[in-house]
Amino acid sequence: MFDWLFGSGCPLDPAAKEWVENRLVWLRDEFGPDDLYSGAVVLPTPAFFPDPYDGSRRAARVLFARVCDYMGVDPELLRLEFFRPSPNALFLVNDTGEALPTGAAGWYAGDRIRINEDELADPMSLVGTLAHELAHQRLLGEDRIGYEVFDNELLTDLTVVFKGMGIFLANVPRHWDGNYTYWPGTELRKPEYMTGPMFGYALALLAWVRGEPSPAWARYVKSGVRGELRQGLRFLNKHGTDKLRPLRRRG
């Protein structure tokens with residue numbers, strides 16, 4: 001009756017909702033259920049990030065090793081490099097002077113991860129970028145998917161949520177919905193990266209399957225996405241989903 005006021009409907013269109021649920025099931029089956037049902041939700045707090053941070057490359061490398069641990073990646077498998085804006089606005093320049101296309105906070109290059117030096121000013125934004133690039137390693141580097149899959153970047157974002165680090169991507173102020181195509185077989189627009197509502201619903205699913213009707217960690221999610229997280233929880237508590245089952249509460 002009061003759906004219009006409290007927003008108890010799903011925050012996603014049917015195609016996006018189905019994708020989030022189906023791909024969470026895929027990640028559970030691919031990596032096992034422990035991350036989904038009992039893995040730590042990593043928070044932007046000293047308990048999870050106790051190392052001093054001064055914006056230097058050295059501090060970023062320490063942060064990289066910690067994010068590797070949370071994402072389940074051996075840091076020895078990858079080399080962390082940095083690039084900086086070039087005088088030519090269309091290109092960036094990496095450590096070796098190589099000109100690279102502009103517009104990226106970071107990217108995965110097989111045996112290395114490249115990070116825009118501008119990211120060093122904001123450690124929590126840097127955490128989100130590192131987690132996303134390390135998710136590429138878990139998917140592409142471990143031959144779980146190929147580069148050609150239609151949802152490569154979307155699935156990379158969702159892997160970050162699955163591994164407990166979704167708050168950092170949800171809170172990064174980027175234009176995640178920049179390049180739209182269409183969900184296969186529909187006329188509904190598909191973003192290249194996960195949008196705020198997609199993060200909200202994915203985080204809601206994470207809380208719901210764990211039997212957390214009001215997760216304490218939700219306060220660390222920025223206000224807009226936090227509203228969609230709560231809306232997603234109201235929807236799931238009312239309707240559930242046949243794709244995933246929640247843990248039974250004790251009591």
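Helix α8 has 14 residues, and the distance from its first C-alpha to its last is 20 Å, close to the 20 Å expected at 1.5 Å a residue. These values, like the others reported here, come from a predicted model. The helix is mostly covered, with 12 of its 14 residues buried. The buried positions are M198, F199, G200, Y201, A202, L203, A204, L205, L206, A207, W208 and V209. The elements that cover them include α2 (14-31), α3 (34-38), α6 (152-162), α7 (166-170) and α9. After α8 comes G211, which has a positive phi near 70°.

A202 lies in α8 and has a relative accessible area of 1%; because the limit for a buried residue is 20%, A202 counts as buried. Apart from neighbours within four places in sequence, A202 is in contact with V20, L158, V161 and M194. The C-alpha atoms of A202 and E21 are 7.9 Å apart in space, although 181 residues separate the two in sequence.

With a relative accessibility of 44%, P213 is classed as partly exposed. P213 and N237 are 24 residues apart in sequence, and their C-alpha atoms are 7.9 Å apart.

The protein as a whole contains 9 helices and 7 strands. Its length is 251 residues, of which 50% count as buried. Among contacts with a separation of 6 or more, 66% are between residues 24 or more positions apart.

Helix α5 (residues 123-141) was examined next. Its 19 residues should span 27 Å at 1.5 Å a residue, and its end C-alpha atoms are 25 Å apart, which agrees. Of the 19 residues of α5, 16 are buried, so the helix is largely enclosed by the rest of the structure. At the N-terminal end, α5 is capped by D122, which has a side-chain oxygen 3.2 Å from the backbone nitrogen of M124. Just after the helix, D143 adopts a positive phi of about 60°.

Two helix pairs involving α5 are described here. The packing of two helices is described by the angle between their axes and the distance between the axes. For α4 (residues 57-71) and α5, the axes come within 9 Å and cross at roughly 50°. This angle makes α4 oblique to α5. The crossing of α4 past α5 is right-handed. On the α4 side, the residues that meet α5 are A60, L63, F64, V67, C68 and M71. Their counterparts in α5 are P123, L126, V127, L130, A131, L134, A135 and R138.

In the second pair, the axes of α5 and α6 come within 8 Å and cross at roughly 110°. α5 is therefore roughly perpendicular to α6. From α5, the contact involves A131, H132, A135, H136, L139 and L140. From α6, it involves N152, E153, L155, T156, D157, T159 and V160. A131 and A135 are listed among the α5 residues that meet α4, and both also take part in the contact with α6.

The loop between α5 and α6 holds D151. D151 has a relative accessible area of 1% and is buried. Not counting residues up to four places away in sequence, D151 touches W19 and R23. R23 belongs to helix α2 and is also buried, with a relative accessible area of 16%. The side chains of R23 and D151 make a polar contact at 2.8 Å. When neighbours within four places in sequence are set aside, the contacts of R23 are D151, L155 and L158.

Note on methods: Residues numbered from 1 in each chain as written. Predicted model: local features only at pLDDT ≥ 70, side-chain atom pairs only at ≥ 80, totals over all residues. Heavy atoms only, no water. Helix = DSSP H or I, 4+ residues; strand = E, 2+ residues; numbered from the N terminus. Expected span 1.5 Å × (residues − 1). Buried < 20%, exposed > 50% of the residue type's maximum accessible area, 1.4 Å probe, protein only. Polar contact = N/O pair within 3.5 Å; in protein donor to acceptor, adjacent residues only side chain to side chain. Axes fitted to C-alpha atoms, helices over the stretch in contact; angles between N-to-C directions. Parallel < 35°, antiparallel > 145°, perpendicular 65-115°, else oblique. Left-handed = near helix turned anticlockwise from the far one by under 90°. Contact = heavy atoms within 4.5 Å.
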